[in-house]
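Welcome, and thanks for taking a look at this one. Here is a short briefing to read alongside the structure.

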Amino acid sequence: MKRARYVTPLLPCILLVLLSGCAAPLKKGIYLAPDFQPGAVSEINLLPPIDARIDKEVEVDLEKQLRGEIRSMLKRRGYKVSDSDRVDNMEQLTEDELKSALPGLIRRLGPPGARHVMVVLLLDVKTKFTFGSTGTAEVAGFIYDKESEKLIWRDKGIGKAGQGGLIGMAMKGMMDEQAISMANRNLVASIPKRSD
Amino acid sequence: MNSSCGRKAVRVSWSRSTVLAMAVTSILILISCAAPKPVRGLAGPVTNMEIAPDSTVLILRPVLKFERIDNEEPLSASDYQGEALEARIYTVAENIVKTRNLTVLEARQTNGREPGIYGRIREKAPQLSRGLINSHVNALLQAVGENNEHTAILVSYVDVKVGSRGTWNPYSGAITSDDSKAILHAALIGCASARVLWKDQVLLREMPRTESSQFHEALELLFSNFPQKEISG
């Protein structure tokens, strides 16, 4: 009885420590500008995704499976998201050009009034029939600040899904979608959460 | 004494459904063991022209870049047969150029042009092999093409993305595949004009290895549309 009297006040503290331990840490992305302030990003303008795959065998609905999902994920991270239409020659943009982040390119992206623009590339999707079936997907994302004409975040998301056995074999058609969803989640996981 | 004395012959009778199940399983095992075929870029090769009969082709040592697929962390080429792969690509490229009856020009045979210039061009292999030529590279190419306007440079570049191996979770039955891959690029660029005469790219969905038939197939596919020499007269 006496021991319980000492332990009870400690319980909230123990719970707090346990809960903070369970909070997922921010994934370390490939690049995050040192001065990145989530609070300063009032809105992210999400451009139409680019299909940068060499092998386009798997059909992908870029609007739904990439832009739609990433829009929802960004909203869950506290950002206001708007969409914009395709810019000229956007399909020809390569990952290297986007990595180079030349001011001339950044100026071209998104509507004139937008400040923070995000570009997502689908780099690869593959499903495979094995002792079951598997799917792999690779996506890349870039956020630019058009005001400073700089890249402020860049990362990659890899998604792998699969199920063994006869059930897995029957699920082959779903593996690409699962892999893309996982890749999207892994991509957005390195964008700091916005809380206000 | 008969050796079979006292033994009864066991006759195994296979039901039709067992045979069918075994046949289906065998087919599935065969399908699953088949390695993925290399894939050429959908754009296909870009060939602007045939090559002049007196053309000489300088083959640059191929460049291979190894990095982790998820975070682009650079990896050492020596851990992945880097030098052997480089030699294999060079040999295949050289054979292709020779089968097209073109003269292979070695870097040391280029009248007074210091090998350093090729090193500087080679540094730009990732861009050049995709046909991207900026003004700096343009000047270097024109310097090489000064003596012979029909000199062309063959640039090869392999971007290797090292992923993780396939996994199997015995509790949930979840499996994943190896996601390593390599993108092979090559371009033939006319030095004097700084124009792309030919380029192509191939995706190989596995780690390139010298002993791999898939890697060999990918190389053959990459150079399969290399341009022919123009017939003179």
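The contact between the chains draws on 21 residues of chain A and 20 residues of chain B. Please keep in mind that this is a predicted model.

**Where chain A meets chain B**

- On the side of chain A that touches chain B, the elements giving two or more residues are strand S5 (116–130), strand S6 (132–145), strand S7 (150–164) and helix H6 (165–170) of chain A.
- The top contributor to that side is S7(A), with 6 residues.
- By residue type, the side of chain A that touches chain B splits into 9 polar, 7 charged and 5 nonpolar residues.

- S5(A) and S6(A) run antiparallel and are joined by 14 bridges.
- Within this pairing, A:Lys128 has A:Thr134 in S6(A) as its bridge partner.
- The link from S5(A) to S6(A) is a hairpin through 1 residue.
- On to the next pair: S6(A) and S7(A) are also antiparallel, with 14 bridges joining them.
- Here A:Ile143 finds its bridge partner in S7(A), namely A:Trp153.
- The hairpin formed by S6(A) and S7(A) has 4 residues between the strands, and A:Glu149 in that turn shows a positive phi of about 55 degrees.
- S6(A), which pairs with S5(A) and with S7(A), is mostly covered, as 13 of its 14 residues are buried.

**Nonpolar cores**

- In soluble globular proteins, nonpolar side chains tend to be buried together.
- The largest nonpolar core in this model has 48 residues. Those touching the most other members are B:Leu60, B:Ala152, B:Ile153, B:Leu154, B:Val155, B:Leu184 and B:Ile189.
- Leaving aside residues up to four places away in sequence, B:Leu184 touches B:Val158, B:Gln201, B:Val202, B:Leu204, B:Ala218 and B:Leu222.
- Another core, of 39 residues, lies apart from the largest one. Among its members are A:Leu46, A:Val119, A:Leu123 and A:Phe142.

**Chain B overall**

- Chain B contains 6 helices and 10 strands.
- Of the 233 residues in chain B, 31% are buried.
- Which share of the contacts in chain B with a separation of 6 or more comes from residues 24 or more positions apart? Such pairs account for 73% of them.

Methods:
Residues are numbered from 1 along each chain as its sequence is written. Chains are lettered from A and ligands numbered from 1 in the order in which they are written. This is a predicted model: local features need pLDDT of at least 70, side-chain atom pairs count only at pLDDT 80 or more; totals for chains, interfaces and linings use all residues. Two residues are in contact if their C-beta atoms, placed from the backbone, lie within 7 Å. Ala, Val, Leu, Ile, Met, Phe, Trp, Tyr, Cys and Pro count as nonpolar, Asp, Glu, Lys and Arg as charged, and the others, Gly among them, as polar. A residue is buried if 20 or more other C-beta atoms lie within 10 Å of its own, exposed if 12 or fewer, and partly exposed in between; C-beta atoms are placed from the backbone. Two strands pair if DSSP finds at least two bridges between them. A nonpolar core is a set of buried Ala, Val, Leu, Ile, Met, Phe, Trp, Tyr and Cys residues joined through C-beta atoms within 7 Å.
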